[in-house]
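Trainee: I have a model open and would like to learn how to read its features. Could we go through them together?

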Amino acid sequence: MLAWIRANKYVAILMIFVRVYLGYQWIEGGWHKLTGGFDAAGFLKNAIANPIADKTTHELVYPNFVYFIEHFALPNVKLFNIIIPIGEFLVGAGLILGGLTAAAAFFGLLMNFMFMFAGTLNTNPWLVLIGVIVLFAGTNAGRYGLDYYLLPLLRKALKHKKPGGRGGETMTPAGTANAH
């Protein structure tokens, strides 16, 4: 099943619609935050004041996440006010254009889980489900997008940068470089 979703050209065509829909959701949210004066402070304070807790024991379900929000995210809210909208916008752009599609899906999933750990549900579970499908499709999700051109270039560039790879350098025991 996984091989089919990662290699089938008809799945790749279907992934165009799936990733564009998902990308639109991300780019729209990011654009509204970029143009609407986004401030994460209220969201973060609410996540601290009303954390997800077990209804019977009142124990925190995600105590480490609450600690992260209270001791890192909230004190650095100005940074989060920048990286959240830009991150959402870039995830959306990557998905819509099919550029670094699997990476965009991964970072979208990461943000969705962070929002859910903070207690926000709205469309996040739906976006997680779709994001997992895109992530499972891997490079096939961007087959008919920028990934068709971008991934071969990245593979070629990374292959030449590896020590000992073609066109790369290896180090001799004396520490001098030998070019291939």
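Mentor: Gladly! Let's start with a term we will need: a residue counts as buried under 20% relative accessible area, as exposed over 50%, and as partly exposed in between. Keep in mind that this is a predicted model.

Trainee: Is Phe106 buried, exposed or partly exposed?

Mentor: Phe106 has a relative accessibility of 40%, so it is partly exposed. Phe107, at 46%, is partly exposed too.

Trainee: How do I read a pair of aromatic rings?

Mentor: Such a pair is described by the distance of the centres and the angle of the planes. In this model there are 11 aromatic pairs. Trp31 and Phe89 make a tilted one, with 6.1 Å centre to centre and 45 degrees between the planes. This pair joins distant parts of the chain, since Trp31 sits in helix 2 and Phe89 in helix 5, 58 residues apart.

Trainee: Why is the pair of Phe106 and Phe107 edge-to-face?

Mentor: Their planes lie at 75 degrees, with the ring centres 5.1 Å apart, so the pair is edge-to-face; the cut-off for that class is over 60 degrees.

Trainee: And how do I find pockets?

Mentor: Rolling a probe the size of a water molecule over the atoms shows where empty space is left. Here the largest pocket has a volume of about 790 Å³. It is lined by 33 residues, and the closest to its centre are Trp26, Ile84, Glu88, Met111 and Phe115.

Trainee: Which helix gives the most to the lining of the largest pocket?

Mentor: Helix 5, with 7 residues. By class, the lining has 21 nonpolar, 9 polar and 3 charged residues.

Terms used:
Residues are numbered from 1 along each chain as its sequence is written. This is a predicted model: local features need pLDDT of at least 70, side-chain atom pairs count only at pLDDT 80 or more; totals for chains, interfaces and linings use all residues. Side-chain values use heavy atoms; hydrogens and water are left out. On a 1 Å grid over the protein atoms alone, a cavity is a set of points where a 1.4 Å probe fits but cannot get out, and a pocket is an open set with protein on both sides within 12 Å along at least five of seven lines; lining residues have an atom within 4 Å of a point. Grid points are joined across faces, edges and corners, and a volume is the space filled by probe spheres set on the points. Helices (H or I, at least four residues) and strands (E, at least two) are DSSP runs, numbered from the N terminus. Ala, Val, Leu, Ile, Met, Phe, Trp, Tyr, Cys and Pro count as nonpolar, Asp, Glu, Lys and Arg as charged, and the others, Gly among them, as polar. Rings of Phe, Tyr and Trp (its six-membered ring) pair if their centres lie within 6.5 Å; planes under 30 degrees apart count as stacked, over 60 as edge-to-face and the rest as tilted. Buried means under 20% relative accessible area, exposed over 50%, partly exposed in between (1.4 Å probe, protein chains only).
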